[in-house]
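Good morning, colleagues. Please look at the model on the screen while I speak.

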Amino acid sequence: GKYNLCEELKVMGFQTTGTASEYFAVDASKVTPIPEEMSYDEGAMIEPLAVAVHVVKQMGDVTGMNIVVIGAGPIGNLVAQTAKGMGAAKVPKLLIVLDMQENRLEKAKECGIDVCVNTKNKDFGEAMTNAFGPDKADVIYDCAGNNITMGQAIKYARKGSVIVLVAVFADMATVDLAVANDHELDIKSTMMYRHDDYVDAIRLVNEG
């Protein structure tokens with residue numbers, strides 16, 4: 001049935017104290033159990049992975065799409081891995097773009113991301129064209145969430161691209177909607193996850 005996700009999450013310890021405790025009592029109906037064979041290290045990643053699963057599912061079937069992920073922090077990395085996992089090996093290229101932090105790009109490479117670019121050293125638009133050719137990206141996931149990254153996504157997207165805002169903006173955004181309008185860009189947004197995203201996240205981990 002329908003329920004207020006924010007109220008449920010407050011009960012579970014989101015935006016309130018509690019879940020940093022060693023033990024935390026929760027009603028069984030609000031818990032998604034992990035398989036017996038899953039390690040606690042893997043289990044601890046299911047919640048952020050469910051965020052990424054929900055994000056990627058905003059586009060439906062991503063098989064064969066050219067995808068850019070802006071931001072290689074934990075969520076950006078997981079979004080990139082999930083896009084590959086949900087598109088199998090048929091995703092032609094997956095480009096992760098980050099501003100400066102080389103250690104995060106190195107981690108993305110370790111996790112099997114095809115192309116990792118530091119935009120301090122290389123122009124975003126040039127990096128996209130090099131990776132995908134003139135058609136650029138079908139989807140751009142903004143996992144950094146600031147005026148610069150969203151501005152770059154709008155500026156360098158090809159006509160008809162989809163931009164999915166994943167990160168949470170701290171302040172009012174200032175973006176060039178005239179360009180978005182002229183290029184018929186589809187700007188989508190996403191927040192958190194649903195129970196089925198947890199189930200799919202567990203499945204993806206079990207499948208390696």
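Predicted model: local features only at pLDDT ≥ 70, side-chain atom pairs only at ≥ 80, totals over all residues.

Residues are numbered from 1 along each chain as its sequence is written, and side-chain values use heavy atoms, with hydrogens and water left out.

Let me begin with helix α3, residues 46-57, and helix α9, residues 195-206. Helices here are DSSP runs of H or I with at least four residues, strands are runs of E with at least two, and both are numbered from the N terminus. The axes of α3 and α9 come within 8 Å and cross at roughly 105 degrees. Axes are lines fitted to C-alpha atoms, for helices over the stretch in contact, and angles run from 0 to 180 degrees between N-to-C directions. The two helices are therefore roughly perpendicular to each other; under 35 degrees would count as roughly parallel, over 145 as roughly antiparallel, 65 to 115 as roughly perpendicular, and the rest as oblique.

Which residues of α3 and α9 make the contact? On the α3 side they include Ile46, Leu49, Val53 and Lys57, and on the α9 side Asp196, Tyr198, Asp200 and Val205 are among them. Contact means heavy atoms within 4.5 Å. By class, the residues of this contact divide into 9 nonpolar, 1 polar and 5 charged. Ala, Val, Leu, Ile, Met, Phe, Trp, Tyr, Cys and Pro count as nonpolar, Asp, Glu, Lys and Arg as charged, and the others, Gly among them, as polar.

Helix α3 also packs against helix α4, residues 74-86, at an angle of about 55 degrees, with the axes 8 Å apart. That makes α3 oblique to α4. The contact of α3 with α4 has 12 nonpolar, 1 polar and 1 charged residues.

Val51 lies in α3 and is buried at 16% relative accessibility. Buried means under 20% relative accessible area, exposed over 50%, and partly exposed in between, with a 1.4 Å probe and protein chains only. Leaving aside residues up to four places away in sequence, Val51 touches Ile75, Met192 and Tyr193. Its C-alpha atom is separated by 8.1 Å from that of Val79, 28 residues away along the chain.

I turn now to charge pairing. Side chains of opposite charge can pair when their charged atoms come close. How many salt bridges does a search of the whole structure find? The search finds 10, a salt bridge being a side-chain nitrogen of Lys or Arg within 4 Å of a carboxyl oxygen of Asp or Glu.

Lys57 forms one with Asp196, the closest N and O atoms being 2.8 Å apart. Lys57 lies in α3 and Asp196 in α9, so this pair ties together parts that are 139 residues apart in sequence. Lys57 is partly exposed, at 26%, and Asp196 is likewise partly exposed, at 34%.

Asp200 also forms a salt bridge with Lys57, with closest N and O atoms 2.8 Å apart. Asp200 belongs to α9 and Lys57 to α3, so the pair ties together parts 143 residues apart in sequence. Asp200 is buried, with a relative accessible area of 19%.

Thank you for your attention.
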